[in-house]
Amino acid sequence: MACIYEVIVFTASNSCYADVVLDHLDPHHRLISHRLYRESCMPTPNGMFIKDLRVIGGRDLEDMVLVDNASYSFGQQLENGIPIVPFYDSKQDVELMVLGKYLERLAKAPSMKEVNKKTFRLREISECASVEEAYHLLSSN
C-alpha cells in the first residue's frame with residue numbers, strides 16, 4: 001500500500017513492543033512513514049485507547065483512513081474507520097487481501113469518507129439502541 005498511500009502506523013501498543021514488530025515488517029523504514037504509539041491515543045475511563053486522527057498534523061481528514069480490529073479505536077472519526085477482523089494465525093485468513101482490494105478501490109474514489117460511510121455504516125450502527133436493532137438495520141438492506 002505504500003505505493004498508493006502514505007502509511008502511518010497508529011497503534012495502542014507501547015513503542016518498545018510495536019517497534020520490534022514494525023522493524024521486522026519494514027526493516028529499512030521505507031514503507032511506514034510515521035509511527036504513533038499509545039501515548040498518542042486518548043485513554044478512556046474503562047481502559048480503552050481511542051485513536052484521534054487529528055493528532056496527525058498536516059493532513060486532511062478527508063484523505064485519511066484508519067484500519068483497526070477494534071472499531072472503538074476510530075470512535076472520534078467513524079467515517080474514516082475501516083474495521084478488520086483480528087488475525088489469529090490461520091492459513092485460511094484472507095482479510096489482508098480483501099483489505100488491499102478495498103484500499104485500491106478507495107484510492108480512486110472522490111471521497112474516501114463517503115465510500116466508508118456507505119460500506120460500513122458505522123455511524124448508523126453506533127446510534128442503534130441494541131444489538132438486535134443494529135442487526136435489523138444491517139439485514140434490511
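Select Asp23 and Arg35 to begin: these two residues form a salt bridge, with their closest N and O atoms 2.9 Å apart. Asp23 sits in helix H1 (residues 15-25) and Arg35 in strand S2 (residues 32-36), so the pair ties together parts that are 12 residues apart in sequence. Keep in mind while looking that this is a predicted model.

Colour the two partners by accessibility. Asp23 has a relative accessible area of 33% and is partly exposed, whereas Arg35, at 18%, is buried. Buried here means under 20% relative accessible area.

Side chains of opposite charge can pair when their charged atoms come close. How many salt bridges does the count come to? The count is 8 salt bridges, and two further examples follow.

Select Glu6 and Arg59 next. Their side chains meet in a salt bridge, 2.8 Å from N to O. Glu6 lies in the segment before strand S1 (7-10) and Arg59 in the loop between strand S4 (49-50) and S5, so this pair ties together parts that are 53 residues apart in sequence. Glu6 is partly exposed, at 44% relative accessibility. Arg59 is also partly exposed, at 32% relative accessibility.

Move to Asp52 and Arg54. This salt bridge has its closest N and O atoms 2.6 Å apart. Arg54 is exposed, with a relative accessible area of 55%.

Now show helix H2 (residues 95-107) together with helix H3 (residues 112-120). Their axes come within 9 Å and cross at roughly 135°. H2 and H3 are therefore oblique to each other, and their crossing is right-handed. To see the contact, display Tyr102, Arg105 and Leu106 of H2, then Met112, Val115, Asn116, Thr119 and Phe120 of H3. By class, this contact of H2 with H3 has 5 nonpolar, 2 polar and 1 charged residues.

For the last stop, select Glu79. Glu79 lies in the loop between strand S5 (66-68) and strand S6 (81-83). At 15% relative accessibility, Glu79 counts as buried. What does Glu79 touch, leaving out residues up to four places away in sequence? Show Lys113, Asn116, Lys117 and Arg123: Glu79 touches each of these. Asn116 was already on display, as one of the H3 residues in the contact with H2.

Conventions:
Residues numbered from 1 in each chain as written. Predicted model: local features only at pLDDT ≥ 70, side-chain atom pairs only at ≥ 80, totals over all residues. Heavy atoms only, no water. Helix = DSSP H or I, 4+ residues; strand = E, 2+ residues; numbered from the N terminus. Buried < 20%, exposed > 50% of the residue type's maximum accessible area, 1.4 Å probe, protein only. Contact = heavy atoms within 4.5 Å. Axes fitted to C-alpha atoms, helices over the stretch in contact; angles between N-to-C directions. Parallel < 35°, antiparallel > 145°, perpendicular 65-115°, else oblique. Left-handed = near helix turned anticlockwise from the far one by under 90°. Nonpolar A, V, L, I, M, F, W, Y, C, P; charged D, E, K, R; others polar. Salt bridge = Lys/Arg side-chain N within 4 Å of Asp/Glu carboxyl O.
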